[in-house]
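This report concerns a single protein chain and is written for a reader who will examine the coordinates alongside the text.

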Amino acid sequence: VYFSLHTLGVTAIQTADKTTELNVFPNPATDFLSIQNDDLRTKQFQLIDPLGNTRLQTMLVSGSALQIDVSAWPAGAYTLVAPPHRTPFLIVH
């Protein structure tokens, strides 16, 4: 929704694009983490551990999914970073 100081009321509306994020599941994860790219474009992303270190950096083509074995990763709060989005997820054991 856009507002203008020169015109009363709403001057334009734009539908939110629901296909701009990578989906991370299950959350919390124990053994495997899946990442699904529902975007229309290839997306580059990083998985950041609780200490701020990059655990994985890769690209995922449109419509594809990636399954990552996280069973040996320490439990904690991680972040998937795919600019401009940041998606938190947990690993528990």
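The sections below treat the sheets, the nonpolar core, the aromatic rings and selected residues in turn.

**Basis of the description**

The structure is a predicted model, in which local features need pLDDT of at least 70 and side-chain atom pairs count only at pLDDT 80 or more, while totals for chains, interfaces and linings use all residues. Residues are numbered from 1 along each chain as its sequence is written, and side-chain values use heavy atoms, with hydrogens and water left out.

**Sheets**

Helices (H or I, at least four residues) and strands (E, at least two) are DSSP runs, numbered from the N terminus. Two strands are said to pair if DSSP finds at least two bridges between them.

An open sheet is formed by four strands in the order β6-β5-β8-β9, with antiparallel pairing. Its edges are β6 (54-60) and β9; each has a single partner strand, so one side of each is left without a neighbour in the sheet. From one strand to the next the twist averages 20°; for such angles, axes are lines fitted to C-alpha atoms (for helices over the stretch in contact), and the values run from 0 to 180 degrees between N-to-C directions. Within this sheet, β8 and β9 run antiparallel and are joined by seven bridges. Leu80 has Thr87 in β9 as its bridge partner.

Another open sheet consists of three strands in the order β3-β4-β7, and its pairing is antiparallel. Here β3 and β7 stand at the edges with a single partner strand each, so one side of each lacks a neighbour in the sheet. The twist averages 20° from one strand to the next. Four bridges connect β3 and β4 in the antiparallel sense, and Asn23 stands opposite Gln36 in β4.

**Nonpolar core**

In soluble globular proteins, nonpolar side chains tend to be buried together. A nonpolar core is taken here as a set of buried Ala, Val, Leu, Ile, Met, Phe, Trp, Tyr and Cys residues joined through side-chain atoms within 4.5 Å. Buried means under 20% relative accessible area, exposed over 50%, and partly exposed in between (1.4 Å probe, protein chains only).

The largest nonpolar core holds 16 residues, of which Ile35, Phe45, Leu47, Leu80 and Phe89 touch the most other members. Two or more residues each are given to this core by β3 (22-25), β4 (32-37), β5 (43-48), β8 and β9 (85-91). The largest share, three residues, comes from β8.

**Aromatic rings**

A pair of aromatic rings is described by the distance of the centres and the angle of the planes. Rings of Phe, Tyr and Trp (its six-membered ring) pair if their centres lie within 6.5 Å; planes under 30 degrees apart count as stacked, over 60 as edge-to-face and the rest as tilted. A search of the whole structure finds two aromatic pairs, listed below.

| Pair | Centre to centre | Angle between planes | Class |
|---|---|---|---|
| Trp73 and Tyr78 | 5.6 Å | 35° | tilted |
| Tyr78 and Phe89 | 5.7 Å | 20° | stacked |

The pair of Tyr78 in strand β8 and Phe89 in strand β9 links distant parts of the chain, 11 residues apart. Both of these residues are buried. Ring pairs link Trp73, Tyr78 and Phe89 into a cluster.

Trp73 lies in the loop between β7 (65-69) and β8 (76-82). This residue counts as buried because its relative accessibility is 11%. The charged end of Arg55 sits over the ring of Trp73, 4.6 Å from its centre; the criterion is NZ of Lys or CZ of Arg within 6 Å of the ring centre and within 35 degrees of the ring normal. Trp73 and Asp31 are 42 residues apart in sequence, while their C-alpha atoms are 9.0 Å apart in space.

**Contacts of selected residues**

Contact means heavy atoms within 4.5 Å. Not counting residues up to four places away in sequence, Trp73 touches Leu47, Arg55, Ile68, Tyr78, Ile91 and His93. With that exclusion, the contacts of Phe89 include Val24, Leu33, Leu47, Tyr78 and Leu80.

Thr79, in strand β8, is buried because its relative accessible area is 19%. Beyond its neighbours within four places in sequence, Thr79 is in contact with residues including Gln46, Leu47, Ile48, Thr87 and Phe89. Thr87 is found in strand β9 and is buried because its relative accessible area is 18%. Leaving aside neighbours within four places in sequence, Thr87 contacts Glu21, Leu22, Val24, Tyr78, Thr79 and Leu80.
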